[in-house]
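My entries follow in the order in which I made them.

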Amino acid sequence: MPGPVYHPVATGIASDTVTQHAGPASIVLWGGWFCPFTQRTWAALEAKGIPYQYREVNPYLKEKDFIDISPHGLTPGLQVDGRPLHDSTVINEFLEEAGSALGAHPAVPSLWPNSGDGPYEKARARLWIDHVNKAAVPAFIRLLQAASPPSQAAALAAWTTALDHITAHCQGPFFFGNEISLVDLAIAPWAVRDFILCEKRGFRRDQVSGWTAWAEALERHPAVQRTTSNRDKYLEFNQTFMRNEDHSAVAKAARAGEQII
Ligand SMILES: N[C@@H](CCC(=O)N[C@@H](CS)C(=O)NCC(=O)O)C(=O)O
C-alpha cells in the first residue's frame with residue numbers, strides 16, 4: 001500500500017495517552033491519529049466527558065471491519081452499543097444531542113450556542129460548520145497541494161478568504177463566546193495544523209484578522225490538547241499532500257474541486 005507515513009504504534013501520537021473507561025453506553029471511536037476529522041470527534045468526546053474507547057485504524061486499507069462502521073472507509077467512525085455512525089459533523093451533533101445518555105459530564109455546557117433563540121442559533125451554527133466543510137477545509141488542502149508559486153498564491157488567497165469570512169463572526173475567545181462549541185470543534189484541527197501552511201506555504205496567522213487569538217484559544221483548550229499529536233508527525237504525514245500523491249479520497253476530491261465526502 002503506497003500512501004501516507006502511518007504510525008500505528010509510535011510515540012508522540014495522542015492516542016498513546018488515551019485512558020479508556022466504561023460508561024452507560026459502549027462508545028468506540030475508530031480514528032486515525034493524523035486525521036483532522038477524527039480530531040473533531042475525538043475532541044467532542046473529550047469536551048463532553050463521554051467515556052469512550054479509542055481504536056486506531058488505517059483508513060487507507062479499507063478493511064471490512066472498518067467499512068462496516070464507516071461505509072466510505074473514512075475516519076472517524078463511531079460505534080454506539082455496536083451500531084455504526086460515520087462523518088465527523090454528523091457524529092458530533094449526535095454526541096451533543098445524546099450526551100447525557102452517553103454519560104456526558106453533567107457540568108459540561110452544551111456545544112450548541114447557549115444564547116437566546118435556540119433553534120435559530122443552532123441553524124446558524126450548522127451554516128458555519130458547512131462553511132468550514134465546503135470552503136475552509138478544501139482551501140487548506142488545495143494550498144498544501146499547490147506546487148508552483150502562482151498556484152500557491154491563488155490557493156493562499158482562497159484559504160485566507162474562507163478563514164476571514166468565519167473569523168469575522170467569532171465573538172471570542174470561542175466562536176459563540178466563552179464556551180467551546182460545535183463550530184469551534186469543526187475548525188480546531190486546522191488551527192492545530194496551520195503551522196504547516198506557515199512553514200511551507202507562506203501563511204501567517206495575522207493575515208486574517210482575529211485568527212491568531214481564536215486559533216490560540218482553540219489550541220489551548222484541554223479537549224483539543226489531549227487529542228493533538230506531535231508537530232513533526234503531522235508534518236511528515238502532510239508531506240503526502242504536498243507531494244500530490246493520489247492515495248487519498250480527500251486529496252483527489254480537493255484537487256478536482258469536488259465536494260469532500
Ligand atoms: N467528511 C468526512 C471526511 C473524513 C475523511 O476524509 N477522513 C480521511 C482521513 S483524514 C480518510 O479516512 N481518508 C481515507 C481515504 O481517503 O481513503 C468526515 O467529516 O468525517
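**Entry: the largest pocket**

I began with the lining of the largest pocket, whose residues divide into 21 nonpolar, 13 polar and 10 charged. The model is predicted: local features need pLDDT of at least 70, side-chain atom pairs count only at pLDDT 80 or more, and totals for chains, interfaces and linings use all residues. Residues are numbered from 1 along each chain as its sequence is written, and side-chain values use heavy atoms, with hydrogens and water left out.

I noted about 800 Å³ of space in the largest pocket. Among its 44 lining residues, Phe 37, Leu 74, Val 250, Ile 260 and Ile 261 are the closest to the centre. Two or more lining residues come from each of α1 (36-48), α3, α4 (118-145), α6, α9 (231-242) and α10 (249-256). The largest share, 11 residues, is that of α4. Helices (H or I, at least four residues) and strands (E, at least two) are DSSP runs, numbered from the N terminus.

I wrote down the terms here. On a 1 Å grid over the protein atoms alone, a pocket is an open set of points with protein on both sides within 12 Å along at least five of seven lines, while a cavity is a set where a 1.4 Å probe fits but cannot get out; lining residues have an atom within 4 Å of a point. Points are joined across faces, edges and corners, and a volume is the space filled by probe spheres set on them.

**Entry: the two domains**

The bounds come from an automatic or database domain assignment. I found the C-alpha centres of domain 1 and domain 2 to lie 21 Å apart. In contact (heavy atoms within 4.5 Å) are 20 residues of domain 1 and 25 residues of domain 2.

I also looked up Glu 46, which sits in helix α1. Between Glu 46 and Pro 222 there are 176 residues in sequence but 8.2 Å in space, C-alpha to C-alpha. Neighbours within four places in sequence aside, Glu 46 is in contact with Tyr 52, Ala 223, Arg 226 and Thr 227.

**Entry: the cavity**

How many cavities of 30 Å³ or more does the structure hold? I found 1, and the largest cavity has a volume of about 40 Å³. Its lining is made of Arg 40, Ser 88, Thr 89, Asn 92, Ile 129, Leu 182 and Ala 186. By class these are 3 nonpolar, 3 polar and 1 charged. At least two lining residues come from each of α3 (88-98) and α6 (182-201), and α3 has the largest share, 3 residues. Domain 1 and domain 2 each supply at least three residues of this lining.

**Entry: nonpolar cores**

A nonpolar core is a set of buried Ala, Val, Leu, Ile, Met, Phe, Trp, Tyr and Cys residues joined through side-chain atoms within 4.5 Å. Buried means under 20% relative accessible area, exposed over 50%, partly exposed in between (1.4 Å probe, protein chains only).

The largest core has 78 residues, of which Ile 27, Trp 159 and Trp 211 touch the most other members. Its largest share, 12 residues, comes from α6. At least three of its residues come from each of domain 1 and domain 2. Apart from this core lies another, of 5 residues, including Val 28, Trp 30, Val 57 and Phe 66.

**Entry: backbone**

Most residues other than glycine have a negative phi, and most peptide bonds are trans. I listed the exceptions that I looked up.

- The bond from Thr 75 to Pro 76 is cis, with omega near 5 degrees; Pro 76 lies in the loop between α2 (64-67) and β3 (77-80).
- The bond from Gly 172 to Pro 173 is cis, with omega near -10 degrees; Pro 173 is in the loop between α5 (149-167) and α6.
- Lys 62, in the loop between β2 (53-56) and α2, has a positive phi near 50 degrees.
- Asp 87, in the loop between β4 (83-86) and α3, has a positive phi of about 80 degrees.

Is Lys 62 exposed, partly exposed or buried? Lys 62 has 39% relative accessibility and so counts as partly exposed. Asp 87, at 30%, also counts as partly exposed.

Key
Nonpolar A, V, L, I, M, F, W, Y, C, P; charged D, E, K, R; others polar.
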